[in-house]
Amino acid sequence: MSSFIETYRRIQFATNTRTQAELASILGIRQSSIADAKRRNVIPAGWYITLFEKFGLSQDWLSYNTGPMYLRREGSDALPERPLENAKEDLGRYSDPAARGTRVTVYSMGRLSSGTGRVPALEAAGTLVLPSCFAGPEMLVLRMHDDNMAPTVRRGAYFGVDTTDIRPLPGGIFVLKCEQVGLLVRRIFLDSNGTQCFLLRSDDGESPESTVSLGKVTEHIIGRVSWVMQAVA
């Protein structure tokens, strides 16, 4: 998720302004309005409208640095001339789904609500811009809250859960519901001792192993972890 200061710097870059007074003149507002926006940490919607109407600048590019910088060039006001290093856009690459960004909601893994659906209602923890191929209506995006699946999924990692895939394939990483603690991320294995159970194991080798019966496992599974985004240790 792009921060206020990142968006503000892209606005300054696109308008070739250095000071609040210069930007206020471009936007047709008082300088104090810019100081107030900084204090509130919010880019006013009116700024985006003015920047599009005057220069054809894209709100997605300004806010998230995704998509083309300009949505319209002809008929827009002339921008102040300045050599723009590395600002050339290759518009052809945006036909590739992997190059298009999608803003998604990230959910916490805390205690579950009283919802009755297979995928419970969860508390939103923020937003994230992902390649469109990593998002979708059936993809649940979570942020890891502990280290019991490290190093595969570390604390603070973002990961996507395919909620259409609830087949308990041995060795796969799945997200399961647990009324006591919320959501669990575990590898699933079939118990070789003939107990008619699946074993749920963490990757850190320290968390206790648990079991769930063969007939009940799909009632607990929310989906399979299909991708992980985290810093390299």
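**Figure 1. Asn41 in the loop between α3 and α4 of the predicted model.** In this predicted model, Asn41 occupies the loop that runs between α3 (31-40) and α4 (45-55). The residue is not a glycine, yet its phi is positive, at about 60 degrees. Asn41 is exposed, its relative accessible area being 51%; it counts as exposed because the value is over 50%. As background, most residues other than glycine have a negative phi.

**Figure 2. Asn16 and Thr17 in the loop between α1 and α2.** Asn16 belongs to the loop between α1 (4-15) and α2 (20-27), and Thr17 is placed in the loop between α1 and α2 as well. Asn16, although not a glycine, has a positive phi of about 55 degrees. With a relative accessible area of 22%, Asn16 is partly exposed, whereas Thr17 is buried at a relative accessible area of 5%. The side chain of Thr17 makes a polar contact of 3.0 Å with the side chain of Thr15. Leaving aside neighbours within four places in sequence, the residues in contact with Thr17 are Gln12, Glu22, Leu23 and Ile26.

**Figure 3. Packing of α2 against α3.** The axes of α2 and α3 are 8 Å apart and form an angle of about 105 degrees. Helix α2 is therefore roughly perpendicular to α3, since angles of 65 to 115 degrees are placed in that class. From α2, the contact involves Gln20, Ala21, Leu23 and Ala24; from α3, Gln31, Ile34, Ala35 and Lys38 take part. Classified by residue type, the contact of α2 with α3 comprises 5 nonpolar, 2 polar and 1 charged residues.

Figure 4. In soluble globular proteins, nonpolar side chains tend to be buried together. For Leu57, the contacts beyond four places in sequence are with Ala14, Leu51, Phe52, Leu62, Met69 and Tyr70. For the protein chain as a whole, buried residues make up 36% of the 233 residues.

**Figure 5. Val175 in strand β5.** Val175 is part of strand β5 (residues 173-178) and is buried, with a relative accessible area of 0%. Not counting residues up to four places away in sequence, Val175 touches Leu142, Phe159, Val161, Leu183, Leu184, Val185, His220, Ile221, Ile222, Gly223 and Val225. The C-alpha atoms of Val175 and Met109 are 9.9 Å apart in space, while the two residues are 66 residues apart in sequence. The protein chain has 6 helices and 9 strands.

**Figure 6. Met139 in strand β3.** Met139 is located in strand β3 and counts as partly exposed, at 22% relative accessibility. Between the C-alpha atoms of Met139 and Gly223 the separation is 8.9 Å, although the residues lie 84 residues apart along the chain. With neighbours within four places in sequence left aside, Met139 is in contact with Phe134, Gly160, Val161, Asp162, Ser226 and Trp227. Across the protein chain, residues 24 or more positions apart account for 53% of the contacts with a separation of 6 or more.

**Figure 7. The cis peptide bond between Ala150 and Pro151.** Ala150 and Pro151 are joined by a cis peptide bond, for which omega is about 5 degrees. Pro151 is situated in the loop between β3 (139-143) and β4 (158-162). By way of comparison, most peptide bonds are trans.

**Figure 8. Ser202 in the loop between β7 and β8.** Ser202 is placed in the loop between β7 (197-201) and β8 (210-213). At 13% relative accessibility, Ser202 counts as buried. A polar contact of 2.7 Å links its side chain to that of Asp204. Beyond four places in sequence, Ser202 is in contact with Asn148, Met149, Arg186 and Ser207.

Conventions:
Residues numbered from 1 in each chain as written. Predicted model: local features only at pLDDT ≥ 70, side-chain atom pairs only at ≥ 80, totals over all residues. Heavy atoms only, no water. Helix = DSSP H or I, 4+ residues; strand = E, 2+ residues; numbered from the N terminus. Buried < 20%, exposed > 50% of the residue type's maximum accessible area, 1.4 Å probe, protein only. Contact = heavy atoms within 4.5 Å. Polar contact = N/O pair within 3.5 Å; in protein donor to acceptor, adjacent residues only side chain to side chain. Axes fitted to C-alpha atoms, helices over the stretch in contact; angles between N-to-C directions. Parallel < 35°, antiparallel > 145°, perpendicular 65-115°, else oblique. Nonpolar A, V, L, I, M, F, W, Y, C, P; charged D, E, K, R; others polar.
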